[in-house]
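I opened my notebook to go through this structure step by step, and I write down here what I looked up. The entries follow the order in which I took up each topic.

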Amino acid sequence: MSTAEKPKAGLEDVVATSSAICYLDGDRGVLAYCGYDIHDLARSATFEEVCYLLWHRRLPSRAELGDLQSQFAAARPLPEPVVRLMRSLPPVDGMDALRTLTSALAHYDAEASETSPAAQYRKAVRLTAQVGTLVATWGRLKAGGGAIDPDPVMGQAANFLYMLTGQRPNPTAIRAFDIALTLHADHELNASTFAARVAAATLTDIYSAVVGAIGALKGPLHGGANAEVMKMLLEFGETASSERVEDAIRAKLARKEKIPGFGHRVYTTEDPRATHLRQMSKELGKRAGNTKWFDMSERIEALVKGEKKLNPNVDFYSASTYYTLGIPIDLYTPIFAVSRMSGWTAHILEQYANNRLIRPRADYTGPAYPQRFVPLDQR
Ligand SMILES: CC(C)(COP(=O)(O)OP(=O)(O)OC[C@H]1O[C@@H](n2cnc3c(N)ncnc32)[C@H](O)[C@@H]1OP(=O)(O)O)[C@@H](O)C(=O)NCCC(=O)NCCS
């Protein structure tokens, strides 16, 4: 392609599709799912209501929500061969395990290659129900515990904590985790959702599309950042003085290292999700009688804002939130997927419903055409 106009690196500001799912205004710090402000949803909705909203573009009635909850409950248990496969995997990274195991789920879904909208929707529900069980069970087995069956009476958030820890979670933990799921559910054309839509636009199956999305989410520039944040905080250490933390951050910035959990391609102001996670990290820390990770995070935020004018993104305070909830670091990015499965599948269904192959062009920068072909024995 020869064009006078060079594309901006990373498709910055490119509008690549139309979508009715997520409204994002990076300059005003607005995030809304199907018109509903994320602050209202975080305060008042459950993750199940949010799933319904993303898939149907409207909030459910009580009866519709009850139906979805029943569908989730029925779909949550994993096929036995997938649990066996899980047990047979080496102790790999959580996202690598999630990628393999999500792919394996397709082999035990009788509707895997069904393409009717009703079947695609049922698969979206199953995937969203099962990804929580996958991640919690993986975490439990990795920690040496036995797998725990999901409880049909509990919702997605409560079940996740229950299957991970083996203990009935308290209402504060359930609510905090539920809000975290709501906050991560969708975010317009982020890298993993775009990957999912590109795959879906070839009319491949929904499992293949979400496996591609999981691969994209794993990277430290995307969902992998939440684990990187906690590793950084732990590296400083619980007893590190403010001076030591600030010196270390300044040194990282001087070396032009990225500070995980800061910056965003779209937001020029505060990421509205960070507002809730900051508050949650603080409250959970207070309840647990240890606000050290929150305090350290706040100091880092002030410094990075001051030095680089960068705001924390969704990943920064989710790290200390999950840590305070007692969740292993290896599960932080998989938990992002537990939530984002709802958004990925909503986008995949939207893509299927009005599809055209996504096939952009590249600005060619290689050797000039034509090159004279030299046979192998003359080179
Ligand atoms: C999110 C992110 C990938 C957005 O990337 P982007 O839009 O391509 O922005 P760039 O990487 O081009 O950054 C623009 C400038 O800000 C700086 N910057 C961006 N994020 C930074 C960070 N977290 N720490 C330090 N500097 C950062 C870059 O070094 C660059 O500076 P320069 O112009 O002096 O070279 C980027 O901010 C980042 O890598 N953040 C850390 C990882 C993270 O938290 N990811 C989760 C996103 S939700």
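**Entry 1: two domains.** I looked up how far apart the two domains sit, and the C-alpha centres of domain 1 and domain 2 lie 26 Å apart. Domain 1 covers 19-220 + 335-353 and domain 2 covers 225-324, with bounds that come from an automatic or database domain assignment. For the contact between them I noted 19 residues from domain 1 and 20 residues from domain 2, where two residues are in contact if their C-beta atoms, placed from the backbone, lie within 7 Å. On the side of domain 1 that touches domain 2, the elements giving two or more residues are strand 2 (30-33), helix 1 (38-44), helix 8 (171-184) and helix 16. Helix 8 gives the most to that side, with six residues. By class, this side of domain 1 has twelve nonpolar, five polar and two charged residues. I wrote the classes beside it: Ala, Val, Leu, Ile, Met, Phe, Trp, Tyr, Cys and Pro count as nonpolar, Asp, Glu, Lys and Arg as charged, and the others, Gly among them, as polar.

**Entry 2: ground rules.** I reminded myself that this is a predicted model, in which local features need pLDDT of at least 70 and side-chain atom pairs count only at pLDDT 80 or more, while totals for chains, interfaces and linings use all residues. Residues are numbered from 1 along each chain as its sequence is written.

**Entry 3: the whole protein.** I found 16 helices and three strands in the protein; helices (H or I, at least four residues) and strands (E, at least two) are DSSP runs, numbered from the N terminus. The C-alpha trace spans about 70 × 55 × 45 Å along its principal axes. For 379 residues a compact globule would have a radius of gyration near 21 Å, and the 22 Å of the protein agrees with this; the radius is taken over C-alpha atoms, and the globule rule is 2.2 Å times the number of residues to the power 0.38. Buried residues make up 42% of the 379 residues, a residue being buried if 20 or more other C-beta atoms lie within 10 Å of its own, exposed if 12 or fewer, and partly exposed in between, with C-beta atoms placed from the backbone.

Entry 4: After helix 11 comes Gly237, with a positive phi near 95 degrees. I then turned to Ala319, which is found in helix 15. Is Ala319 buried or exposed? Ala319 counts as buried because it has 27 C-beta neighbours inside 10 Å. Leaving out residues up to four places away in sequence, Ala319 touches Asn226, Val229, Met230, Leu233, Gly261 and Tyr332.

**Entry 5: around the ligand.** Which residues come nearest to the ligand? Of the 17 residues around the ligand, they are Ala225, Ile259, Phe262, Gly263 and Arg265, and a residue is near a molecule if its C-beta atom, placed from the backbone, lies within 6 Å of it. The shell has seven nonpolar, six polar and four charged residues.

**Entry 6: backbone details.** Leu203 has a positive phi of about 70 degrees although it is not a glycine, and I located Leu203 in the loop between helix 9 (191-200) and helix 10 (206-217). Leu203 counts as exposed because it has 12 C-beta neighbours inside 10 Å. Leu11, also not a glycine, has a positive phi of about 55 degrees and lies in the segment before strand 1 (22-25). With 14 other C-beta atoms within 10 Å, Leu11 is partly exposed. Last, I noted that the peptide bond from Tyr369 to Pro370 is cis, with omega near -5 degrees, and that Pro370 is found in the segment after helix 16.
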